[in-house]
Amino acid sequence: MYHITRILDDGQLHAGTEIATSMEVSRTAVWKIVQRLKNFGVAIEGHHGGYQLKSPLKLLDPRLIQQYSRHPNLKLDVFETLASTNDYLKTNATNTNPYFCITEYQTNGRGRMGRSWISPFGCNLYFSLSYSFTEDISELSGLSLVIGISVVKALQSLDANIPFQLKWPNDITVDAKKLAGVLVEVMAEANGGCRAIIGVGLNVNMLNAATDDAIDRPWTSLDLLLHKQLDRNPLIASLIDAMLETIAKFRQSGLQPFIPDWDAVDALAGKNIALLCAGSNITGTACGIDSLGRLILKTSTAEHKAFSSGDTTIVKKPENILNLSFG
């Protein structure tokens, strides 16, 4: 599939025989690949015995990603389609550490709180990292936050003028529209350490307004922000490098050194918010995070409370009543 899209990526009409000869396959094989791409929603026109892409499509290539990365020997696999990159790594244990699993399309992509992550083919980034830690699970508090920080830093290198922000606990937003999300799942291992599955979904070249019907919250993409399509191969390489280097620093020094980085891009700081936690709605003013990565809320009684999980929403006015009846 990669070879045919590389041929068609110039936007010109290419004869089926030309493509078949270049790929050293039959014209029937070419037709089957084209049909598979069409089934994924790729706009390919077929006429006069040839094929033509209606818009550019540069697929992910593991060789290119490794060439762009500062970690050229890292283990990574790129799949055409998976149900979920996180689920794949959870059910396909590997002794390789670290190991990146990347896919062009997810049939069951998911984010936090059981939400679906819309994953159209060939235009965004959906990938997960399997990373084994010798540390105990209790020492990894704040891991998802530092991964979010690493994603923001990689994105800032594209355009420092775009106001990338982090919405606790792990959404990357621009002007209150979701651009990316992080999903971290940590599992204890028999040797006393643990393994983290770190998933990232990033909207890159998604423009289709029809996607709005499937996404129930405001969203944006790098294409919409930068007004150009991006080659995802160097982009994911920069994200991989940032994640690995951030994890190394986090293992050495913990969350504390990252708190100023979080504060600099905190989307909630000083805002009146509602926090859905354990079935209760809690309101207050967001006051950043503590050394464990917990969200600090200043309540209506001026009391500061820390929360380790929950779903946050910015509200125009603070509520007068604080509900702390969990359960």
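Strand 3 covers residues 50–53 and is joined to strand 2 by four bridges, the two strands running antiparallel. Here helices (H or I, at least four residues) and strands (E, at least two) are DSSP runs numbered from the N terminus, and two strands pair if DSSP finds at least two bridges between them.

These strands belong to an open sheet of three strands, which has the order 1-3-2 and antiparallel pairing. Its edge strands, each pairing on one side only, are strand 1 (14–15) and strand 2 (44–47).

## Basis of the values

Residues are numbered from 1 along each chain as its sequence is written, and the side-chain values use heavy atoms, with hydrogens and water left out. Because the model is predicted, local features need pLDDT of at least 70 and side-chain atom pairs count only at pLDDT 80 or more, whereas totals for chains, interfaces and linings use all residues.

## Packing of helices 2 and 3

Helix 2 (residues 16–23) packs against helix 3 (residues 27–39) at an angle of about 100 degrees, and their axes lie 8 Å apart; the axes are lines fitted to C-alpha atoms, for helices over the stretch in contact, and angles run from 0 to 180 degrees between N-to-C directions. The two helices are therefore roughly perpendicular to each other (65 to 115 degrees; under 35 counts as roughly parallel, over 145 as roughly antiparallel and the rest as oblique).

On the helix 2 side, the contact (heavy atoms within 4.5 Å) is made by Gly16, Thr17, Ile19, Ala20 and Met23, while helix 3 contributes Arg27, Val30 and Ile33. By residue class, this contact of helix 2 with helix 3 comprises five nonpolar, two polar and one charged.

## Strand 10 and its two partners

All nine of the nine residues of strand 10 (residues 194–202) are buried, so this strand is largely enclosed by the rest of the structure; buried means under 20% relative accessible area, exposed over 50% and partly exposed in between, with a 1.4 Å probe and protein chains only. Both faces of strand 10 are covered, with Cys194, Ala196, Ile198, Val200 and Leu202 buried on one side and Arg195, Ile197, Gly199 and Gly201 buried on the other. In a regular strand, side chains alternate between the two faces of the sheet.

Strand 6 (residues 125–133) pairs with strand 10 in the antiparallel sense over nine bridges, and Ser128 stands opposite Gly199 of strand 10. Strand 9 (residues 177–188) is likewise antiparallel to strand 10 and joined to it by nine bridges, with Val182 having Val200 as its bridge partner in strand 10. Strands 9 and 10 form a hairpin with five residues between them, and Gly192 in the turn has a positive phi of about 100 degrees.

## Strand 11 and its pairings

Strand 11 (residues 272–277) pairs with strand 12 (residues 280–289) in the antiparallel sense over six bridges, and the two form a hairpin with two residues between them, where Ala278 in the turn has a positive phi of about 55 degrees. Strand 11 is also joined by four bridges to strand 15 (residues 311–314), the two running antiparallel. Ile273 stands opposite Gly284 in strand 12, and its bridge partner in strand 15 is Ile314.

## The whole protein

The secondary structure comes to nine helices and 15 strands. Buried residues make up 48% of the 327 residues, and the C-alpha trace spans about 75 × 45 × 40 Å along its principal axes.

Technical notes
Nonpolar A, V, L, I, M, F, W, Y, C, P; charged D, E, K, R; others polar.
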